[in-house]
Amino acid sequence: LVERAPRRLRHAASTRRYHGEDINANGGGFSGLVVRHNVFDSRSSGTAVVCANNSNIINSSVYGNVFVDCAAGNGIIAGTSAGYLAGVQVFNNTFARCSGAGWFVGGTGAPTGNVANNNLVFGMSGAVGNGIGVHDYNAYFQTTATPTEAHGQTGAGDPFMDARSNLHLAAATLPGKTLAAPFDVDADAVVRGADGTWDIGA
C-alpha cells in the first residue's frame, strides 16, 4: 500500500545504471498493490512513475492520485519491454502536464484485464497504450492524441481552480462511472457522487 505520502513523491532521473521510477516492480513483481491519494511530481525523466520493469504488476489498483509535471518515457503508469500490467484498475486520477508515451500503457507480454475509468487528463498526450482493455468515462482537456470513448469528455478549457497551484475542479465534470467502495471516497475524504454527480479526476 502506497497511501497519502506526507510530501510530493519525486523520482530521480534515469541513468545508464539506474532507472528513475517512484514505484518499480523490478526484481519481484507486485500483486495486490494499492496506490491511492498521493501527489506525484516527478520532473526528472524516468521510465514511468508506477512501473512494471523486469517484473509484472497484476491485480492492483491506482486511484485518487495526482500526477503533475511528471516526465516518463514509457508512460505514467506503464509496463516496459520486460514487464507488463495485468488486471490493473486505474480510477479517478488526475494527470496534468506530464510527458511521455501516454498515461496508461500495458507493456510487452500479456497486458490484459486493465481498466481505466474516471481519470482526468490535462495539457498532455491523452494516448492510451497497448493492453488497456477498457477505458471510458475519462475526461481530456487540452490534450493531443485524444482517444475516442463512448462516455468520454473533451474540452479546450482549464477545468481546475488554478492549473498551477490548485488542481481541485472549478466546476463539475460530466458524470463519471459510479464505482463501489473503496473507490467512492476521495483524498479529501469526500464521498464521490454525494452531490448527485460522480466527478472525474482525483
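The side chains of Arg97 and Asp69 meet in a salt bridge, with a distance of 3.0 Å from N to O. That contact belongs to a predicted model, in which a search of the whole structure finds 2 salt bridges and which also holds 8 aromatic pairs.

**Salt bridges**

- In the pair of Arg97 and Asp69, the side chains meet at 3.0 Å, N to O, and the pair links distant parts of the chain, since Arg97 lies in the loop between S12 and strand S13 (99-100) while Asp69 lies in the loop between S8 and strand S9 (71-72), 28 residues apart.
- Arg97 and Asp69 are both buried.
- A salt bridge also joins the side chains of Glu3 and Arg36, where the N to O distance is 2.8 Å, and this pair likewise links distant parts of the chain, with Glu3 in strand S1 (residues 2-3) and Arg36 in strand S4 (residues 34-36), 33 residues apart.
- Glu3 has a relative accessible area of 33% and is therefore partly exposed.

**Aromatic pairs**

- A pair of aromatic rings is described by the distance of the centres and the angle of the planes.
- Among the 8 aromatic pairs of the structure is that of Tyr63 and Phe183, whose ring centres are 4.7 Å apart and whose planes stand at 80°, so the pair is edge-to-face.
- Because Tyr63 lies in strand S7 (residues 57-63) and Phe183 in the segment after strand S21 (166-169), this pair ties together parts that are 120 residues apart in sequence.
- Tyr63 is buried, with a relative accessible area of 3%, and Phe183 counts as buried at 12% relative accessibility.
- The rings of Phe67 and Phe95 have their centres 4.9 Å apart and their planes at 5°, so this pair is stacked.
- Phe67 belongs to strand S8 (residues 66-68) and Phe95 to strand S12 (residues 94-96), so the pair ties together parts of the chain that are 28 residues apart in sequence.
- Both Phe67 and Phe95 are buried, and these two residues are part of one aromatic cluster, which is formed by Phe40, Phe67, Phe95, Trp103, Phe104 and Tyr140.

- With a relative accessibility of 45%, Asn54 counts as partly exposed.
- At 53% relative accessibility Asn59 counts as exposed, whereas Tyr63 is buried with a relative accessible area of 3%.

Conventions: Residues numbered from 1 in each chain as written. Predicted model: local features only at pLDDT ≥ 70, side-chain atom pairs only at ≥ 80, totals over all residues. Heavy atoms only, no water. Phe/Tyr/Trp six-rings, centres within 6.5 Å; stacked < 30°, edge-to-face > 60°. Helix = DSSP H or I, 4+ residues; strand = E, 2+ residues; numbered from the N terminus. Buried < 20%, exposed > 50% of the residue type's maximum accessible area, 1.4 Å probe, protein only. Salt bridge = Lys/Arg side-chain N within 4 Å of Asp/Glu carboxyl O.
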